[in-house]
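Open the model in your viewer and keep the sequence panel beside it. We will go from one selection to the next and see what is there.

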Amino acid sequence: NNVRDLFVDAPDKPRPVPGKGVQNGASAGAASGHKVLVLHGWGQSGGTFEKRTKVLRKKLEKAGATLVYAHAPHAVPAFSPDETDARGWWYYNDEDRGDCSAVLPDGELPFQVSAVPFLGLEDTFEYLAGLWQTAGPFAGVFAFSQGAGMASLVAKCAERDARFASLRYAIFVSGFWLRPAGGDWYVGPVHLPSLHVMGCADAMVPEAVNRQLVARYPNSRVQVHGGGHIVPQGAADIPVYLEFIQECMATTTTTTTTTT
């Protein structure tokens, strides 16, 4: 299968998810209200990312959101020693999934976003489409690092694929614009409202790389924090997330009420 086939004339009926949805590879929040799909970074897992974002999760759930932590389908080397089930949304080398030389040509950070093969995207989209059906639908997506790159594909896809049409906003933390080889279908602006959170000390995904993603979103906001490659959850950060989400959902509610 070609990744392009997933987005051109995509069927309205969602594809089945490998396994059992939330019970096999995702962890759901307990609050009622609109649902938010959470995508972790490379070498992390849904469970670990949930623990690392517990402050943010509690605040968003208190505000009425239900967070669903997805668990990427591909096993990859761990990003940190405490990760026992490291996953990735794609990889670059079938023989060695830890080989990132395709995007680290000099062997040093920051990585280079270029048109290289992104292996495993077909399986990832089948997983996410199935999760949309079994644990969604999702009004928002919150994504970090490699997860943010994946979320940018989903956001573009939502413009033409009915399976993801419920999406109303995206929050990208340490995000970047993904350019798969042969991805000529993935061009032009994405009109989904977006919040882009980036660290001025991020050596993994520098601010300039984040802003390449921002440039694709005409309806975007930018929040710069003083840290590195992290999800900021301080007293000054939480209100930024909440205000953005509340405005996006209020706009959606107003539009729906006006047209019915």
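Predicted model: local features only at pLDDT ≥ 70, side-chain atom pairs only at ≥ 80, totals over all residues.

A residue counts as buried here when its relative accessible area is under 20%.

**Select H4.** Start with residues 146-157, the 12 residues of helix H4. Which residues of H4 are buried? They are Gln146, Gly147, Ala148, Gly149, Met150, Ala151, Ser152, Leu153, Val154, Ala155, Lys156 and Cys157. Because 12 of the 12 residues are buried, H4 is largely enclosed by the rest of the structure. From its first C-alpha to its last, H4 reaches 17 Å, close to the 16 Å expected at 1.5 Å a residue.

What do the buried residues of H4 pack against? Colour the strands E2 (35-39), E5 (87-88), E6 (140-144) and E7 (169-173), then the helices H3 and H5 (207-214), and you have the elements they pack against.

**Step back to Ser145.** Serine 145 sits in the loop between E6 and H4. Its phi is near 55 degrees, a positive value in a residue other than glycine. Most residues other than glycine have a negative phi, and most peptide bonds are trans. With a relative accessibility of 10%, serine 145 counts as buried.

**Jump to Ser174.** Here is another serine with a positive phi, again near 55 degrees. Look for serine 174 in the loop between E7 and strand E8 (194-199). Its relative accessibility is 0%, so serine 174 counts as buried.

**Move to H3.** Select residues 121-135: this is helix H3, with 15 residues. The helix reaches 20 Å between its first and last C-alpha, close to the 21 Å expected at 1.5 Å a residue. Among its buried residues are Phe125, Tyr127, Leu128, Leu131 and Trp132.

Proline 137 lies in the loop between H3 and E6. Zoom in on the peptide bond that joins glycine 136 and proline 137: it is cis, with omega about 0 degrees.

**Show the aromatic side chains.** Select Trp90, Tyr92, Phe118 and Phe176, which form one aromatic cluster. The count for the model comes to 11 aromatic pairs.

**Zoom out.** The chain has six helices and nine strands. Of its 260 residues, 51% count as buried. Among contacts between residues at least 6 apart in sequence, 79% join residues at least 24 apart.

Terms used:
Residues numbered from 1 in each chain as written. Heavy atoms only, no water. Helix = DSSP H or I, 4+ residues; strand = E, 2+ residues; numbered from the N terminus. Expected span 1.5 Å × (residues − 1). Buried < 20%, exposed > 50% of the residue type's maximum accessible area, 1.4 Å probe, protein only. Contact = heavy atoms within 4.5 Å. Phe/Tyr/Trp six-rings, centres within 6.5 Å; stacked < 30°, edge-to-face > 60°.
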